[in-house]
Amino acid sequence: MLESIKVTERLRWPEVEMSKKYILNSSDKPLSPSQVYLEKISSGALKDLFSTGSRSYNVLLHADKEEKKTPKQSPFRRPKTSVRCGATFSKRNRPGMAPKKMRSPEGAGKPAQTNRVLSGSNSNLPKPARNITVVGSTMGLNPRTVPLLRKISNSPRTKLPVLQKAAVAREVENAKKLCILSAIKPTNVEREKAKFFKSDFNYNPQFDYSNPAPPLILERHNNASDRFLTQAVHIMELALQRYGNYENFEQLTGGNLLTKSRIWHNVKKYMEKEGCMGEIVVQVTDDLLSRASMTVVNSRPTLTINVSTAREQWLEGMLRHEIGTHYFRGVNNCHQPWNNSVGRKKHNLKPLNPTEEGLASIHSVLFRKDPTLWRAALLYYTVYQASHMSFTQLFHNLGRFVQDPNTRWDYCVRAKRGQTDTAQPGCFSKDQVYLDGILKILRYRDKINFPLLMALGKVSFEDMDRLKPLAQMENIRIPHFMQDQARYAEQLTKIMAVNNLTDEELKTII
């Protein structure tokens, strides 16, 4: 059943780590189309999942916090010699099972919620309970029969897929070097929002940070580009001509928000199509900055979904973005010689972005009836304007495209995060990467071998030809929506047409 609510897009700041967490499992099923071999080469084991620099820009970066929280029992400190199906879920490392261990990033102090296990059939759905069994399948391609659900109290502890120690160590090391997204998250957002609204939108918020990012780091991310500003504005103006305002666009193209039960149902259905049931921990929350994020939590791939933005016609696009792109490219990357920072440096790889986020953003709108690139365009535009405007000026400027003041506030905070005095011009520029990557991929779409781009892992499309002879192609996973290349190409052409983009225009600017 769908819930009708006020039609606004809410970008939430995390207050609680999660509200509910699930492990999706399946019974013995036929091989998924996503689990194909591109070439038959000697067998190899999965080395790790996410390599250095492979994370999305909107990750939560929990790894460092988890290590600090349980220094003795943390999976990051346990030696692993190979990737295997899991490590024991004790009370210390079983997500959400021990209320005493639950902490909110903001210190909100909300009680932990119960966990559930979803099996392959609805008839096996257990009720929420203290005693559950967490069952998973290996990270490899061949599906295995999942054992029957058992109560933990009456059986040995079961296991989930765990990433290799080397991969986790790199995640922790990178988080220690700079947890940028945590550093630029204000701690007083709600208090400043109240002041801002009380002032009739004429007060420039003064943000506080628990661990501020160094000025040099902030300066590095304060350079906004206007390269695709004309295209961003044009995309949004087309949407306004069709729908009148963003709120109508959101309702008519996204549909109603989904209930949590419908989210679980749709996620399970999608994972079955991709053949990755049991591989990913899934959690739902109403306190997340982005719509979703694919991260590593307790050394396990974890998908977090923002229930406040999960719309019936947009959810599968989000799953194609997070699982079909970020997760699968991460899995494929671990086979390659460039699966770590040393390998990337040795092979002189270009930065994975904007290709990574551009490809994921294209997959977000793939197969939509109206694949308008509104969100990518609005983020690009907002960042550019923030670099030249104060908070209040930016807020009023966005009124041209977004009416709802709460939605405008969220976009302004996102563009101004990292600043203390928002009366000054300044921005956090990484949100421009989405439109940047989309337009570059569309520009060269006829020359890009998209299955190969997926198979090579976390690389730029500009490195494809050079890396192809060096690639390990065994056990490579291609998402189901990329199997039919003719249909895939048609969808890219549709995205061009709906957003009024032409090849001549893209050749001129790129």
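**Ser-225**

I started with Ser-225, which I found in the loop between α5 (215-220) and α6 (229-243). Helices here are DSSP runs of H or I with at least four residues, strands are runs of E with at least two, and both are numbered from the N terminus. This is a predicted model, where local features need pLDDT of at least 70, side-chain atom pairs count only at pLDDT 80 or more, and totals for chains, interfaces and linings use all residues. Residues are numbered from 1 along each chain as its sequence is written, and side-chain values use heavy atoms, with hydrogens and water left out.

(Buried is under 20% relative accessible area, exposed over 50%, partly exposed in between, with a 1.4 Å probe and protein chains only.)

Next I looked up what Ser-225 touches: Tyr-380, Tyr-384 and Gln-432, leaving aside residues up to four places away in sequence. A contact means heavy atoms within 4.5 Å. I also noted Asp-436, 211 residues from Ser-225 along the chain, with 9.7 Å between their C-alpha atoms. A polar atom of the Ser-225 side chain sits 3.0 Å from the backbone nitrogen of Arg-227.

**Asn-256**

I moved on to Asn-256, in the loop between α7 (246-254) and β4 (257-258). Its relative accessible area is 18%, so I put Asn-256 down as buried. Its side chain makes a polar contact with the side chain of Gln-251, at 3.0 Å. (That term is a pair of N or O atoms within 3.5 Å; within protein, one must be able to donate a hydrogen and the other to accept it, and residues adjacent in sequence count only if both atoms are side-chain atoms.)

**Cysteines**

How many disulfides does a search of the whole structure find? I got 0, taking a disulfide as a pair of cysteine sulfur atoms within 2.5 Å. I checked Cys-276 and found it buried, at 0% relative accessible area. Cys-334 is buried too, at 0%.

**Two helices**

I then looked at α11 (residues 355-365) and α18 (residues 485-498), whose axes come within 11 Å and cross at roughly 90°. Axes are lines fitted to C-alpha atoms, for helices over the stretch in contact, and angles run from 0 to 180 degrees between N-to-C directions. Leu-359, Ile-362, His-363 and Val-365 of α11 meet Tyr-488, Leu-492 and Ile-495 of α18.

**Whole protein**

Last, I noted 19 helices and 7 strands. Of the 510 residues, 61% count as buried.
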